[in-house]
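Trainee: I am new to this structure and would like to go through it with you. May I start with the ligand and then move on to the helices and loops?
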Amino acid sequence: MVQTFFKRSCTIDRLRRGPSAGHIDLFAVRLWGQNIGSKMRGQAPSSSITLLFVFFRALFRTAVVTVLLSLAAASGQEPKLINGYEPKWWKEAIVYQVYPRSFKDSNGDGIGDLPGITSKLDYLQKLGVNVIWLSPHFDSPNIDGGYDIRDYRKVMIEFGTMSDFDQLLAGIKQRHMRLIIDLVVNHTSDENKWFVESRSSKTNPYRDFYIWRPGHTAADGTRTPPNNYPSYFSGSAWTLDPETNEYYLHYFTAKQPDLNWANPKVREEVFSLMRFWLDKGVSGFRMDVIPLISKPTGMPDLTPEQLKAPPNAYANGPHLAEYLHEINREVLSKYDDMSVGEATGTTLAQTNNLVDDRRHELNMIFNFDAIKLGRSDFGLSQLGAWTLPELKAIYDAHATVLTKHDWDTVFLSNHDNPRIVSTFGDDSPAMRVPSAKLFETMILTLRGTPFLFEGDELGMTDFPFKTLADYDDISVKNAYKALVDTGKISAEAFLTSQAKVSRDNARTPMQWDSSPEAGFTTGSHPWLAVNPNYKEINAAREESDPTSVLNYVRALIGLRVHTLAFVYGDFEDLDPQHPHVFAYTRTLGSEKYLIVENFSSSPVTYTLSNGLKAANLLLSDIPGSHESNVSTLNLAPWESRIYKQ
Ligand code: NOJ
Ligand code: CA
């Protein structure tokens, strides 16, 4: 009873601030149309029935909301727990990451920009996502895709102006969505005024904003770095700066010096810039490599064992909890915001230390076990072999280790990883669509706040990279110098592996339509080449195809948004060892959903264990699929189904 009441209050809250009733209803109708359609095998409901349905549903909803709101107000009770979880908007969010450089160019210079994103807000609203995560939009020399910030309070000139940012934010809010931005404060650009000052003299007041060390000097005067730390982007993590003849630390490129968080003035500056953006109205932050901000005590050399996985040694330093707690106390706790930490070097077992809500630190983190399955997140990454039981074991472990005080994220893509369908699915012409749909199904029905990356909803694929000149990413260029130029690996081997793992796979321009340059720019020189398959894979084409990935993802999001069991429900993996099928349930009170996914390019006949029956089919990624009330399922290649039990 208590649960029912709180579930209702939570739903009321979502309706109050959620998408407009009309928007919700359109989704409901589409889903309803699909279900009925599948039951009636192709007989679509007539448009007059649809209109009547919309009308009565809207009327009914308004009446129900009014009654429930007055009940909630009269009771004076605050919503408490849902299945043991404290309800929060960011737990119910569906986040969509925009990489501004690649999303939409508004002025023909070949670079995506903020007005470009604003022009596509209706598209995002129709998709149904309700939080947008914007990768860095700040003033930057752009050596690392904007993850090298020169001025935290300015907009990158190629992306527009602060007024463009304000318009973007207003447009997002008008559509009842929220915006979170990237907080990149482990390091700055070397062109940031703090570093310009810091490097100018050993006595400059900003000297201690960064990490400076004299390093070692041999008898013959040869200088070597303070320790053997490697950079994430090849070579040493230390650079000798001629101005003061000392080394500074940079975990990433030499143009990204690490801030010294041990200095309270650095922390004050960070809190102040966070307040600046929160006061503007953003709803939180994705925190770049946040576990790196506290450096290891004394920074001794890494041992040979530690050198196999340096992020584990760099991350979660002795003062991390103290710094995160301070961020929370001084800033985050004062706003209705969300925080998601990019948790490089952090194991599942360490996750509670960052996200347990009794600690008042972060809301959730990105754990990379799934996305990096079979490959490392440091140095030269290579696509490795992986099996479905391994992937399932990761999600199973999350469900076991994380408690009701922790919150999780679920994602298989971002701007640092190749495309989902090419990496985990099958991007061949026959299998691309169902396999792209399957992964979206999985991400939107597993535990945790789902994060989608731009183009996932179209089933965009990896780019056919051939030569070094095809890449923009500094990490690829640095690795080429470190490995190929020194003869450690052949150019051919390097380029073959890079094509499969490069971050640039995700960063090619969004494919909007079949016009030149995929409608991304009106110019003829996009900053990174458009994938040649854009005439086949683009939003306009998918819009008009009822069986497209885009229309499927819209229906799926519509279902997720209205189903609290996918948010707060318990997860059970029904068959962890099955090599091709992932079958699991999400249960919230008496509501249970069964999800069955065939991770293979062949059909599979699958019998549910323990006499379980798949009850009512709500959604399948294969048009015409209709098996309900059965215990043996005939799954098409890459078919995924959602049943209400
Ligand atoms: C993680 C970001 O996601 C990546 O793109 C960037 O290169 C590094 N942090 C350094 O900021
Ligand atoms: Ca532009």
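Trainee: How far is a polar side-chain atom of D144 from an oxygen atom of ligand 1?

Mentor: Please keep in mind that this is a predicted model. In it, the distance between a polar side-chain atom of D144 and an oxygen atom of ligand 1 is 2.5 Å.

Trainee: And what is that distance for H415?

Mentor: For H415, a polar side-chain atom lies 2.8 Å from an oxygen atom of ligand 1. The side chain of R503 also has an N or O atom 3.0 Å from an oxygen atom of the ligand.

Trainee: How much of the accessible area of ligand 1 does the protein cover?

Mentor: On its own, ligand 1 has 300 Å² of accessible area, and the protein covers 98% of that.

Trainee: Which residues come nearest to the ligand?

Mentor: There are 13 residues around ligand 1, and those that come nearest are D144, H187, D288, H415 and D416. Sorted by class, the shell holds seven charged, four nonpolar and two polar residues.

Trainee: Let us turn to the helices. At what angle do α9 and α11 pack?

Mentor: Helix α9, residues 264-280, packs against helix α11, residues 320-330, at an angle of about 40 degrees. Their axes are 10 Å apart.

Trainee: What does one call that arrangement, and which hand does the crossing have?

Mentor: At that angle, α9 and α11 are therefore oblique to each other. The crossing in which α9 passes α11 is right-handed.

Trainee: What about α16 and α17: at what angle do they cross?

Mentor: Helix α16 (residues 474-484) and helix α17 (residues 491-501) cross at roughly 150 degrees, and their axes come within 10 Å. The two are therefore roughly antiparallel to each other. The crossing of α16 and α17 is right-handed.

Trainee: Now the loops. Is phi of N142 positive or negative?

Mentor: Phi of N142 is positive, near 70 degrees, in a residue other than glycine. N142 sits in the loop between β3 (138-139) and β4 (151-155).

Trainee: And where does W638 lie?

Mentor: W638 is in the loop between β21 (632-635) and β22 (640-644). Phi of W638 is near 55 degrees, a positive value in a residue that is not glycine.

Conventions. Residues are numbered from 1 along each chain as its sequence is written. Chains are lettered from A and ligands numbered from 1 in the order in which they are written. This is a predicted model: local features need pLDDT of at least 70, side-chain atom pairs count only at pLDDT 80 or more; totals for chains, interfaces and linings use all residues. Side-chain values use heavy atoms; hydrogens and water are left out. A residue is near a molecule or strand if one of its heavy atoms lies within 4 Å of it. A polar contact is a pair of N or O atoms within 3.5 Å; within protein, one must be able to donate a hydrogen and the other to accept it, and residues adjacent in sequence count only if both atoms are side-chain atoms. Accessible areas come from the Shrake-Rupley method with a 1.4 Å probe; for residues, only the protein chains shown count as cover. Ala, Val, Leu, Ile, Met, Phe, Trp, Tyr, Cys and Pro count as nonpolar, Asp, Glu, Lys and Arg as charged, and the others, Gly among them, as polar. Axes are lines fitted to C-alpha atoms, for helices over the stretch in contact, and angles run from 0 to 180 degrees between N-to-C directions. Helices (H or I, at least four residues) and strands (E, at least two) are DSSP runs, numbered from the N terminus. Angles under 35 degrees count as roughly parallel, over 145 as roughly antiparallel, 65 to 115 as roughly perpendicular and the rest as oblique. A crossing is left-handed if the near helix is turned anticlockwise from the far one by less than a right angle, and right-handed if clockwise.
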